[in-house]
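Colleague: I have a model open and would like to talk through the fold. Can you take me through it?

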Amino acid sequence: MPNPALRHVMTASLAAIGALALSLTATPAQAATPLDYAALGDSYSAGSGVLPVDLTNLLCLRSTANYPHVIAFRTGARLKDVSCGAARTKDFTQAQYPAVAPQVNALDAGTDLVTLTIGGNDNGTFINAVTACAAAGVLSGGRGSPCKDSNGTSFDDQIDASTYPALKAALGSVRAKAPDARVAVLGYPWITPATADLACFAKLPVASGDVPYLRGIQAHLNAVVRRAAEESGSAYVDFSQASEGHDACKPVGTRWIEPLLFGNSVVPVHPNALGERRMADQAMDVLGLG
């Protein structure tokens, strides 16, 4: 019969062995709760022109292959996608259409992650600049810088005077509705190359001197978006390097943005499916999600 001290040691050892066996056979802990993810923004967020179309709201021309859906699929997040083609910053807090609620209504105190692309439609910056420069390019036969000569700094002035404060207000409304969420603001991938060539003119009929002018307007917009994002405590997803060489003038399979002419989308000068996937890649990298 073992003495009391030995009996105590044996009992403790058996208990330890039992605990170890239980730990090896117990059911693993449940996986972490999926992220509550809300996607806001304009047509670059919505993936307008990319198939398949989200049939739940045809007004917004939203794709189920846009970058928010790609991120949600890869991370297992619970996605609430309210991005909408043609959205402006005001549509974060106002109804864009009678059947389309303010975008921040998708947010609440439990939202974990928010992504968005916004600002390009304010003042009609993208559509007005692209159409003005394309029209001027056709009339000039691709020579000179007629768009820059006619418009000067007007687009840049509007970005500073109007778009920047509107971005600050929109991001403030996001923070107010989802104070604990991680917010990522995506910039716009390059639409034009750094310099023009004849092959580019056939797809994007902008005069040679206006290609860098148009790119400069986009660079200015992205800089303002970045500034507003950082001042609101949001992450900024930069495409200035990642999208270089993937502009609308590049061939299919290389370009992320569809051209104005002879493209493969009903919505020109917008990301294609490859572009949406690459936007997801970059956003996930910045957020450390993948």
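**Fold and packing**

Modeller: Of the contacts (heavy atoms within 4.5 Å) between residues at least 6 apart in sequence, 71% join residues at least 24 apart. This is a predicted model, where local features need pLDDT of at least 70 and side-chain atom pairs count only at pLDDT 80 or more, while totals for chains, interfaces and linings use all residues. Residues are numbered from 1 along each chain as its sequence is written, and side-chain values use heavy atoms, with hydrogens and water left out.

Colleague: How many helices and strands?

Modeller: Nine helices and five strands, taken as DSSP runs (H or I, at least four residues; E, at least two) numbered from the N terminus.

Colleague: What is the strand order in the sheet?

Modeller: S2-S1-S3-S4-S5, open, with parallel pairing; two strands pair if DSSP finds at least two bridges between them. S2 (78–81) and S5 (235–237) each have a single partner strand, so one side of each lacks a neighbour in the sheet.

Colleague: And S4 with S5, how many bridges?

Modeller: Three, in the parallel sense, with S4 covering residues 182–186. Val185 stands opposite Tyr236 in S5.

Colleague: Switching to helices: at what angle do H4 and H8 cross?

Modeller: Roughly 175 degrees, and the axes of H4 (residues 125–140) and H8 (residues 210–231) come within 10 Å. Axes are lines fitted to C-alpha atoms, for helices over the stretch in contact, and angles run from 0 to 180 degrees between N-to-C directions. The two are therefore roughly antiparallel (over 145 degrees).

Colleague: Which residues meet there?

Modeller: Among them, Phe126 and Val130 in H4, and Leu214 and Ile217 in H8.

How values were computed. Parallel < 35°, antiparallel > 145°, perpendicular 65-115°, else oblique.
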